[in-house]
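Keep the viewer open and follow along.

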Amino acid sequence: MNNLTILGLETSCDETAAAVVRGLPPGPGQILSNVVFSQTEAHAPYGGVVPEIASRAHLEILDGLIERALGDAGISLDEIDAIAATAGPGLIGGVMVGLTTAKALALASGKPLIAVNHLAGHALTARLTDGVDFPFLLLLVSGGHCQLLAAADVGKYRLYGTTMDDAVGEAFDKTAKILGLPYPGGPNVESHAARGNPRAYALPRPLLGRAGMDFSFSGLKTAVRQLVTQNQVNIDDACASFQAAAIDILRDRTAHALARFREDFPDTPRPALVVAGGVAANAAIGSALAKLADQHGFEIRVPPPRYCTDNAAMIAWAGLERFALGERDPLDVSPKARWPLDASGDNRHSGERQQSA
Ligand code: KG4
Ligand code: ZN
């Protein structure tokens, strides 16, 4: 099969993005362009993403971003094989803007439409960047998601564990807010943590040592709030103590998943542990997980941060993988606020973004 060239659109949260990707499964693919407009500034005064502001911003800038993505790639719409857009899960207003734009482009150009699951975009990023083979274990950690998944094939995911309350990125963002640090909290908490003492404050580690692969972060966030209301805290030490607790939780749950993956896929000698989502940009989390993976005989793969946070190259690639299998979607496909990757799995925190302001 010849290389495929796919235009991807992403509008499910507070990043408006368009990208052109070329290649064939299993990757790696070529990223011909990757344009991302972050709405962070528009939402910063509210301390979280405001859905109405997000959809309006997507609507205002998406057309221009598509033109730029095609221009940067040096190609016209004619040379594209298909148009892929996030169809969920996410903030429904934003998803509608991207999906409707993709439908209009598909109709006008006669090109096929691929409706992409945003989580599949994150899941398959490591194939785009590194050509990682199936099956692999995925730890998806972002502001909206916190899941452990076995990726057996395109469209075949087994949900091992998910968060029972907050996503880990959400816990970082809320902790930052409690400590008076600017939004988005993750990177700010990480830089303060680097200067602090992780043992300064005793914080809880919900579910640690318990069986299973689910996560819980709300008790940790509540403990940070109590700490701040009852004491004069040192910000660096509070960030370091919070981050150490978050790392312990991620490490413990992931260790269970590594063992489970071995049972489920005994014939994969050195599988990959892929860490994706915005929180994968955290260097302390990355090095703790790298050590853990190595101890279990797994290869750690952390795609570069710009492809770990929301972007359209991952959506184009997930579309490319499905297109290569002959899959297409009808022009009346519906946007979905909720859309778990594992249809047999439960729906707890399946990726629906909440207004966190
Ligand atoms: O994947 P992403 O861009 O958007 C979705 O949530 O889908 O992830 C954003 C999240 C935010 O919660 C942000 O605080 C967190 O990722 N994040 C980090 C770091 N960089 C981004 N969390 C911890 N440490 C970081 N360095
Ligand atoms: Zn995401």
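Leu207 has a relative accessibility of 18% and so counts as buried, the cut-off being under 20%. Please keep in mind that this is a predicted model. You will find Leu207 in the loop between H6 and H7. Its backbone deserves a look too: phi is near 70°, a positive value in a residue other than glycine.

Take H7 to begin with, which runs over residues 218-230. Its 13 residues reach 18 Å from the first C-alpha to the last, close to the 18 Å expected at 1.5 Å a residue. Which residues of H7 are buried? They are Leu220, Lys221, Ala223, Val224 and Leu227. As for what the buried residues of H7 pack against, the partners are helix H5 (168-178) and helix H8 (235-264).

Now turn to helix H6, residues 185-193. Here Gly185, Gly186, Val189, His192 and Ala193 are the buried residues. Looking down the axis of H6, you would see them fall within an arc of 135°, so they line one face of the helix. H5 and H8 are included in what covers the buried residues of H6, and H5 and H8 are also what the buried residues of H7 pack against.

Leaving out residues up to four places away in sequence, Thr175 touches Val224 and Phe242. Val224 is one of the buried residues of H7.

Another buried polar residue is worth a visit in a loop. Asn311 is found between helix H10 (305-308) and helix H11 (313-324), and its relative accessible area is 0%, so it is buried. What do the polar atoms of its side chain lie beside? A polar atom of the Asn311 side chain is 2.8 Å from the backbone oxygen of Thr309, and a polar atom of that side chain is 3.0 Å from the backbone nitrogen of Ala313. Apart from neighbours within four places in sequence, Asn311 is in contact with Glu10, Ala17, Asn34, Val36 and Arg306.

The peptide bond from Gly88 to Pro89 is cis, with omega near -10°; Pro89 has its place in the loop between strand E4 (82-88) and helix H3 (92-109). The bond from Phe134 to Pro135 is cis as well, with omega near -10°. Pro135 belongs to the loop between helix H4 (118-130) and strand E6 (136-141).

What about the cysteines? A disulfide is a covalent bond between the sulfur atoms of two cysteines. Searching the whole structure gives 0 disulfides. For Cys13, the closest cysteine sulfur is in Cys146, 16 Å away, which is too far for a bond. Cys239 is in no disulfide either, as the nearest cysteine sulfur, that of Cys146, is 19 Å away. Both residues are inside: Cys13 counts as buried at 2% relative accessibility, and Cys239 is buried with a relative accessible area of 0%.

Finally, step back to the whole protein. Its secondary structure comes to 11 helices and 10 strands. With a radius of gyration of 20 Å, close to the 21 Å that the globule rule gives for 357 residues, the protein is as compact as a globular protein of that length. Taken along the principal axes, the C-alpha atoms fill a box of roughly 60 × 50 × 35 Å. Of the 357 residues, 57% count as buried. Contacts across the sequence matter for the count as well: among contacts with a separation of 6 or more, 76% come from residues 24 or more positions apart.

Technical notes:
Residues are numbered from 1 along each chain as its sequence is written. Chains are lettered from A and ligands numbered from 1 in the order in which they are written. This is a predicted model: local features need pLDDT of at least 70, side-chain atom pairs count only at pLDDT 80 or more; totals for chains, interfaces and linings use all residues. Side-chain values use heavy atoms; hydrogens and water are left out. Helices (H or I, at least four residues) and strands (E, at least two) are DSSP runs, numbered from the N terminus. The expected span of a helix is 1.5 Å times one less than its number of residues. Buried means under 20% relative accessible area, exposed over 50%, partly exposed in between (1.4 Å probe, protein chains only). Contact means heavy atoms within 4.5 Å. A disulfide is a pair of cysteine sulfur atoms within 2.5 Å. A polar contact is a pair of N or O atoms within 3.5 Å; within protein, one must be able to donate a hydrogen and the other to accept it, and residues adjacent in sequence count only if both atoms are side-chain atoms. The radius of gyration is taken over C-alpha atoms; the globule rule is 2.2 Å times the number of residues to the power 0.38. The arc is that of the directions from the helix axis to the C-beta atoms.
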